[in-house]
Amino acid sequence: MKQQVMTEPGKIIFKDVPIIEPKVGEVLIKIQRIGVCGSDIHVNHGKHPYTSYPVTQGHEVSGVIEHCGFGVTDCAVGDLVTIQPQVVCGICYPCTHGAYHICDDLKVMGFQTTGMASEFFTCDADRVLKLPDDMTPDEGAMVEPVAVACHALSRSIDPKGKKIVVMGAGPIGNLVGQAAKGLGAESVLITDLSDFRLGLAKEVGLDHTVNPSRQDLGDAIVKAFGSDKADLILECVGVQSTMEAAITNARKGTDIIVVGVFGDRPLVDLGLVQDHEIRLIGTAMYQTCDYMQAIELIEKGSIQLEPLMTDHFAFEDYEKAYAYLDEAKDRAMKVFIDLD
Ligand SMILES: [Zn+2]
Ligand SMILES: [Zn+2]
């Protein structure tokens, strides 16, 4: 079978490797769809802080179970599934205290260990989640980013009835906004420099859109939410300017959830964080419960995925997908690699 390998930033080859037959408790999955995400783009640019090369990418996938090893009971041949890409140690402090998703020795498939960008993938059945019968492979490959959004929203106050600012209307920001609404947020204001992305945010039902290149964010927040401003801000870009804007515009005593992956180290005003009693809260990955919540929100129709699915590339065109993402930055949202 063919397996994608990024040998150095920006360079992808395809290796011919044997299919690994599933052992006890494992399943063999025929991969159908792979989503390309912002973290993958960081790897493609050599800017992901925790990835070395060569690496086989792919962590947002859907596929069909081809073969089950002995003892597998939760899924069966023919099931459409997605895979949770974490490999954890099970013995460190986070693992033994309910936070295995931030295991001290965490290895994420596609970053620190082999990802799923191959025709077939073999893994432990307990990493696999069966998807509802009416879910499409495209939707299945987007459960992972929705789980990122659900986990981020679990890190602070209950979004129900709250006014929320989301910085960044890329795929993760958009999904964070939609998940917040799905969980009962009263109103979501989302920002981006791309009017295309803001248009999509409107299309999926987010309440207020702001382009900070034309509008003052502080004024826009007051106009949308009143002088009490937002109850919660989620930074979903991962650059200095948006982090700084989040800190500057946060209501005193509120939380900022740091969702974006920072390629460069930001210089921000921690003086304001101190003086305004702002809490900066990190969020990373997700747990199985976040996947379950993601699947539920998608099933209920609380999250519209279709408008975000902008592009498809064939498996052998992986490099072209990245070139396109670099060049079409503000027109592209979710780019898929198709293997079926
Ligand atoms: Zn991702
Ligand atoms: Zn651990």
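A disulfide is a pair of cysteine sulfur atoms within 2.5 Å. By this rule, the predicted model holds zero disulfides.

| Cysteine | Nearest cysteine sulfur | Distance |
|---|---|---|
| Cys 236 | Cys 150 | 13 Å |
| Cys 289 | Cys 150 | 9.3 Å |

Cys 289 is in no disulfide either. Is Cys 236 buried or exposed? Cys 236 has a relative accessible area of 13%. The cut-off for buried is under 20%, so Cys 236 is buried.

**The zinc site**

Which residues are the protein donors of the zinc ion (ligand 2)? They are Cys 89, Cys 92, Cys 95 and Cys 103, each through its SG atom. These donors lie 2.3 Å from the zinc ion. Along the chain they follow the spacing C-x2-C-x2-C-x7-C. The site is tetrahedral, with angles of 104 to 120° among its four donor atoms. For four tetrahedral donors, the ideal angle is 109.5 degrees.

**Aromatic rings**

The structure has five aromatic pairs. One of them joins Tyr 286 and Tyr 291 edge-to-face. Their ring centres are 5.0 Å apart, with 85° between the planes. Both tyrosines, Tyr 286 and Tyr 291, are buried.

Elsewhere, ring pairs link Phe 14, Phe 315, Tyr 318 and Tyr 322 into a cluster. Phe 14 also meets a charge: the charged end of Lys 2 sits over its ring, 5.6 Å from the centre.

Definitions and conventions:
Residues are numbered from 1 along each chain as its sequence is written. Chains are lettered from A and ligands numbered from 1 in the order in which they are written. This is a predicted model: local features need pLDDT of at least 70, side-chain atom pairs count only at pLDDT 80 or more; totals for chains, interfaces and linings use all residues. Side-chain values use heavy atoms; hydrogens and water are left out. Donors are N, O and S atoms within 2.8 Å of the metal (3.2 Å for Na, K and Ca); water is not among the atoms, so sites may look incomplete. Four donors count as tetrahedral if all angles lie between 85 and 135 degrees; four count as square planar and six as octahedral if opposite donors are over 155 degrees apart and all others between 65 and 115; anything else is irregular. Rings of Phe, Tyr and Trp (its six-membered ring) pair if their centres lie within 6.5 Å; planes under 30 degrees apart count as stacked, over 60 as edge-to-face and the rest as tilted. Buried means under 20% relative accessible area, exposed over 50%, partly exposed in between (1.4 Å probe, protein chains only). A charge sits over a ring if NZ of Lys or CZ of Arg is within 6 Å of the ring centre and within 35 degrees of the ring normal.
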